[in-house]
Amino acid sequence: MSTRLQIDPESAALPCEHCGHPTLHVARLVADNGTAIGQTMVCTACPRHRADPRAGVGGPADG
Ligand SMILES: [Zn+2]
């Protein structure tokens with residue numbers, strides 16, 4: 001089963017904590033059959049937006 005992200009164009013843009021641009025949007029996770037699975041935050045400015053829990057390689061720890 002594959003899912004896709006559906007960004008709500010009318011959602012308020014929030015400042016992204018990664019790139020700093022106010023381009024963080026609420027996106028809905030929609031399955032192939034159109035069922036909404038959940039929602040996540042997607043930044044349209046960051047080169048990649050993925051919800052990989054193992055992400056966190058490189059860069060100094062936030063302090
Ligand atoms: Zn960003």
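## Confidence of the model

pLDDT is the predictor's confidence in each residue, on a scale from 0 to 100. The structure shown here is a predicted model. Its protein chain has a mean pLDDT of 79, and 73% of the residues reach 70 or more.

Confidence in the protein chain is highest in strand β2, residues 24-31, with a mean of 91. It is lowest in strand β1, residues 3-7, where the mean is 87.

## Elements and overall make-up

The protein chain contains three strands and zero helices. Read from the N terminus, the order of elements is β-β-β.

Of the 63 residues in the protein chain, 8% count as buried. Among contacts between residues at least 6 apart in sequence, 32% join residues at least 24 apart.

## The sheet

The three strands form an open sheet in the order β1-β2-β3, and the pairing is antiparallel. β1 and β3 are the edge strands, each pairing on one side only. From one strand to the next, the twist averages 35°. In general, strands of a sheet pair through backbone hydrogen bonds, in either a parallel or an antiparallel manner.

β1 and β2 run antiparallel and are joined by five bridges.

Two residues show how the strands line up: the bridge partner of V26 in β3 is M41, and that of A27 is T40.

Together, β2 and β3 form a hairpin with four residues between them. In the turn, G34 has a positive phi of about 90°.

## Residue T44

T44 lies in the segment after β3, which spans residues 36-43. Leaving aside residues up to four places away in sequence, T44 touches T23 and H25. The C-alpha atoms of T44 and I7 are separated by 9.5 Å, although these residues are 37 apart along the chain.

Is T44 buried, exposed or partly exposed? T44 has 14 other C-beta atoms within 10 Å. A residue is buried at 20 or more such atoms and exposed at 12 or fewer. T44 is therefore partly exposed, because its count of 14 falls in between.

Note on methods
Residues are numbered from 1 along each chain as its sequence is written. This is a predicted model: local features need pLDDT of at least 70, side-chain atom pairs count only at pLDDT 80 or more; totals for chains, interfaces and linings use all residues. Two residues are in contact if their C-beta atoms, placed from the backbone, lie within 7 Å. Two strands pair if DSSP finds at least two bridges between them. Axes are lines fitted to C-alpha atoms, for helices over the stretch in contact, and angles run from 0 to 180 degrees between N-to-C directions.
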